[in-house]
Structure formats: C-alpha cells, structure tokens
Amino acid sequence: MKNFMLFVFVFCFSPYLMAEIPTLLKEGMVPFLNNDFPASWKAGVPPVFEKGAGKMQRDEMARVFISPQRIVWKYDGGGRLVLNESVLLKEGSSQTALGTADACKMTTTENETASILLDYGKEIHGGLQLVLGSSSRREPSLVRIRFGESVGECNSQTNNSEWKVGFATDDHAKRDIIMEIPRDGMIEIGNTGFRFVRIDLLQPATIHLREARAILRYRDIPYLGSFKSNDERLNEIWLTGAYTVHLNMQEYLWDGIKRDRLVWLGDMHPEVSTISSVFGFNEVVPKSLDLACGQFPLPQWMNNMSAYSMWYLIIQYEWYMQHGQMDFLQKHKPYILGLIDLIDGKIDDDGNETLARSRFLDWPSTPNSQGVEAGYRALLYWALKDAEKLCQIFGEPMYVQKSRAASERLNRLTKGHNNLKQGAALMAIAGIADPKTMCDEVVSVGGPKGFSTFYGYYMLEAQALAGQYAEALDVIRQYWGGMLDMGATTFWEDFDVDWMKDAARLDELTPPGKKDIHGDFGAYCYPGYRHSFCHGWASGPTAWMTRHVLGVEVVEPGSKALRIKPNLGDLEWVEGTFPTPFGIVTIKHTKTPNGTVTSEIKAPKGVKIIRK
C-alpha cells in the first residue's frame, strides 16, 4: 500500500517526474517502482523470457548506423558494372523495397568483377549492414567483403600463415569474408576495426544495393574531461587519443579493435590514464583487472610477461588515487600481496633479479638489450615504490617494509640506458636518474626520432620532469600529429616519422612511386597490414596534456585534493575539464603579456584545489 500511495503521488503531482520514470528505472533511482515490476520488465526483455532471464545478458554496447562519406574507388568496366553508387551516401532506413529504383546497380560478367570501395570517414568498431533488392539471381549471390583500416588494406590479400609486409591478416577478427547475400532484404556481417569497406560481386549477376551502412558498436558514455587551447593541432590530438581508447572500451578494455582485442596489462596503463582524464570512473577498468587476475593466477605473470605484472601494481595505485575505490582495492589485496612476495623472492642482496628470462618494454626497443635491461629494472623499481604505497593504504607494515627493502636491494645495482629512449625515460620516472640528464643525453635528442607509440607517453613524462614542456609539445605535434597528417582518425600500434617520406596517406590509393603508409612498414608482430591503426597504448598525449598542460595532479585518494600547476609552453591559453568522483572541475589558464599565467578554477564541493 505504501508503494502504491507513492506511485499515486508521483502520478498526480509530478508530470515531469513521470516523464523521467523510464530513465530513472534504467538507472535504478526509483527503488519502490523497481521492487514492484517483474524482473523481465526491469531488464527490458519481453515477459515471455522471464523464466530464462538468468541466462540472458544485456549487450553493454550501443549501436548506430553510419552511411559512407564518400566513394573512394570503383571498378565499373567503363561505366557498365557499377551505376548510381551515390545513393549509398544517403541516410538509410534498413528497409528494403521491391523494384530496382533508388539503388546502386552492380553487375558482374564472366570476364569482369564489379567492385566498390567505401569510406566511412572515421575509424570505427563494428560491422556492415547491407540492404538489397531484386537480384537477377533466384538464389543468393556471392560477394567478397573486405574491411580495412586503410584503403590499402581493403585492396590487399590475406595471408594468415605468415606475417609479412604487403599482406593483411584476419587472425583475430575476420576482415576478409566471402558470403552469400539475400536477393531481397537485409544482412549484417563483421565485428572488427575498420574505416573502409570493399565489396566485390563474385558471380555473374546483377544486384541492387540500396544501403551499405557501417555499424558502430561503442560504449555510450559522456566525455567528461576536455581540453582546448589556441593550438587546434593539439586539440585534435587530445580528442583523437580519447576516441582511440573509447573504441577499445568494449566488453573489456582491449588493446586494439582489429587485433589483438585482448586485455594486455602493459597496454592498459596509458589507456587507464586516458580513461581517468576523459571519462572518469568506468567499470571497464576494474572489470578488466578482475579478468586478468583470473586468467593469470599467481605465480604466473600477467599476460605471461613479468613487466606486465609491474604495470598491474602501478595501475592499481593510480586508479585508487583518482577514484578512491577502497572496496575494489581490498578485493585485490591478496593478489597484490602475493605478487609482492613473488617479486621479493627474486631479488638478491646484490641487486640481481631473476624475475624472468625475457625482458620486454615495447617492440621497437627490443634490439637494444642493454637499454631494455636498464628500463626493465627502472620499471620494477617504480612498481615496488607504488606497491609500498598500496601496502600503506592497506595498513600492512610488514609488506610496506618488504616492498621498500626489495626496491633498496634492487637499487644497489644500476645499469646504463645505452642510448635507449625507453630505458632513459623509465629511469627518470622511477627517480633513479636525473630527468634533465636523461632528456639532454637521450630522450630529447632528435625530437620525435626514436619515439614509439606506447613508450612515447613515458618519454613525454620524462620531459615534463625535466621541465622541457615546450620540447614535449613539439614532439606531440610532430609525432602524433604526423599520424594525423597521414590520414589517421585514431592512433596506431606503431609509427616512425621516417615512414612519412614519400608515403601516401592511408585514405588514398597509393600512386606509383609512393610508399603505402600502412602496408609497406612495420616489424615484429605487426608487419604490413597486420599493423593495428587503433591501439589504446598510443593515447598517451591525451592523459599527458591533461596532467601537464592543464596541470591536474591528484594528490589525495579519490581526487579529494588536486594540485593545479599549468605548463603552457608556447600556448597562449588552455581550458578544459577534469572528472572526479565529486563532479567536474573546470579550469582555464591564460598567459598574460608579461608571461605569467592567470587561472580560473571551479571545483565541486569535496574537492580541494592546491595552487602551487
């Protein structure tokens, strides 16, 4: 009766609230109504599934349809094989119609194959929806669908048995598919990362293609953090990094949407830093950390890579500092303490460590084994210092001392960076080498030369520690901006500024005498078109610009206190927002004629702002 009277009150006296009830129900904010409705109604599924609701799972992702933005290329046999293709650029409805009007007509003969290549404007994750009407065949027609992150990939051949330059693979997500399509009606295909689609009609026939819309599958969340300055190039880079990670926030936090589509703990660190700067708290991070611990129980290393277990400790500490999720941290306490025990037992009194035979930072650093060794030890030192802080939070003095003692033993033996930017950057961040010395000797030498998409983030961090903000901004413009210059709409798994010389953009056919920026480069696990063009570990500048240019540093757990210290470099002004558990912090910095910076900061109740 009490619930009924509340419902009557809402109905009679608050029409606005009634209009909001569906939203409130979805968000669980009307408990008296939630308790009165059947479980299947709350889930939004038909009541006939009520008994089986326990075996159902809601798709966490939203879907939208995107019509092609342009026709890149077609093979039409001199104007005969592909006609009226501009209809595909129109807004669609997913609805077929009888007849052949208002459709793209594709005709394949015994000697010629009708083909068309479509550009959807931005890198997306999802598939393709085809709407057809009135084929010349009674039975289904056979088509070949090729998804590509570049024009070159769409036009390439697939070779899954051998990774090499010039070939594509679909070993993690099918991107080269031969399939039957209906004579009339709609069909959906694909689940991968792409921007372009090529369609080939393989059998002698005529089909009428009404729509060929991409299906964007994404996590429907707001961009709470923001960054704007007087430099539009930096603004675009910040947003591109944010979007790169957003696409990888699928059921779990993936490294890439084409491949590997897995939770890799090392890759996660730049992604988590970007998520905290752009989206604030999101369940995909704790969910992915839970999954990783289940997949790699101790004494295994995360992803079977000892360095990635170090990143796990660093991620746990930084995630707690921004979001203050003590319950989540306590859930992982046994794993964290067990990992400390595992590491502690593998460092002797002279500083030698025997964690694992392999030493991995990132792929481009691999040939420099001495530099990798120095960087690996610095990463371990950094992780142990964060482990020490985690144990202080847990109130575990024995493990505080164990972590501290392990890092002190490790630091008894130091090794040189051997001119490796990755290694020198980690040594600066860990505090075992002077940042300015590391940057002057290695990191800043040659500007973007020797930067990498993953460890470039830590090279920027080292430059910030050295006070080289102007140099770091120039690197961001040249290195990450270089990808934009080559047509990128998300940041790549691998990139070298030297590739740009005599290379064609990814969104154009490669002319004679030019290199294919996608197919002609890459090494290690990503040669040729296997190379991912949407990789979350490349998003570092987004987190870096929020942290160092906008100047936001979390100094108390749960973002209860933020230090705001802008570093504008050559910028005239910068403004943006930063998400906290208490709400959004709004910030604007302006450089005055005498070079000083004035700041306007608005913070929600519960957030202390420290200006120094």
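Which residues of H17 are buried? The buried residues of H17 are Tyr469, Ala472, Leu473, Val475, Ile476, Arg477, Tyr479, Trp480, Gly481, Gly482, Met483 and Leu484. Buried here means under 20% relative accessible area, exposed means over 50%, and partly exposed lies in between, with a 1.4 Å probe and protein chains only.

This is a predicted model, in which local features need pLDDT of at least 70 and side-chain atom pairs count only at pLDDT 80 or more, while totals for chains, interfaces and linings use all residues. Residues are numbered from 1 along each chain as its sequence is written, and side-chain values use heavy atoms, with hydrogens and water left out.

Helix H17 spans residues 469-485. Helices (H or I, at least four residues) and strands (E, at least two) are DSSP runs, numbered from the N terminus. H17 has 17 residues and reaches 23 Å from its first C-alpha to its last, close to the expected 24 Å; the expected span is 1.5 Å times one less than the number of residues. Twelve of the 17 residues are buried, so H17 is largely enclosed by the rest of the structure.

Next comes a sheet. Strands S13, S14 and S18 form an open sheet in that order, with mixed pairing; two strands pair if DSSP finds at least two bridges between them. Strand S13 (552-556) and strand S18 (608-610) stand at the edges with a single partner strand each, so one side of each has no neighbour in the sheet. Neighbouring strands of this sheet are turned by 30° against each other on average, direction ignored. These angles are taken between axes, which are lines fitted to C-alpha atoms (for helices over the stretch in contact), and run from 0 to 180 degrees between N-to-C directions. Strand S14 (residues 561-564) runs parallel to S18 and is joined to S18 by three bridges. Arg563 has Ile610 in S18 as its bridge partner.

The salt bridges follow. A salt bridge is a side-chain nitrogen of Lys or Arg within 4 Å of a carboxyl oxygen of Asp or Glu, and by this rule the count comes to 45. One of them joins the side chains of Arg217 and Glu251 (2.6 Å, N to O). Arg217 lies in strand S9 (residues 205-218) and Glu251 in the loop between helix H6 (232-248) and helix H7 (265-278), so this pair ties together parts that are 34 residues apart in sequence. Arg217 is buried, at 13% relative accessible area, whereas Glu251 is partly exposed at 25%.

Arg359 and Glu353 also meet in a salt bridge, at 2.5 Å from N to O. Here Arg359 is partly exposed, at 23%, and Glu353 is buried, at 8%. Another pair is Lys389 and Asp386, at 3.6 Å from N to O. Lys389 and Asp386 are three residues apart in helix H12 (residues 369-394), so about one helical turn separates them. Lys389 is partly exposed, with a relative accessible area of 34%, and Asp386 is buried, at 4%.

Phe49 sits in the loop between helix H4 (39-43) and strand S1 (62-66) and is partly exposed, with a relative accessible area of 43%.
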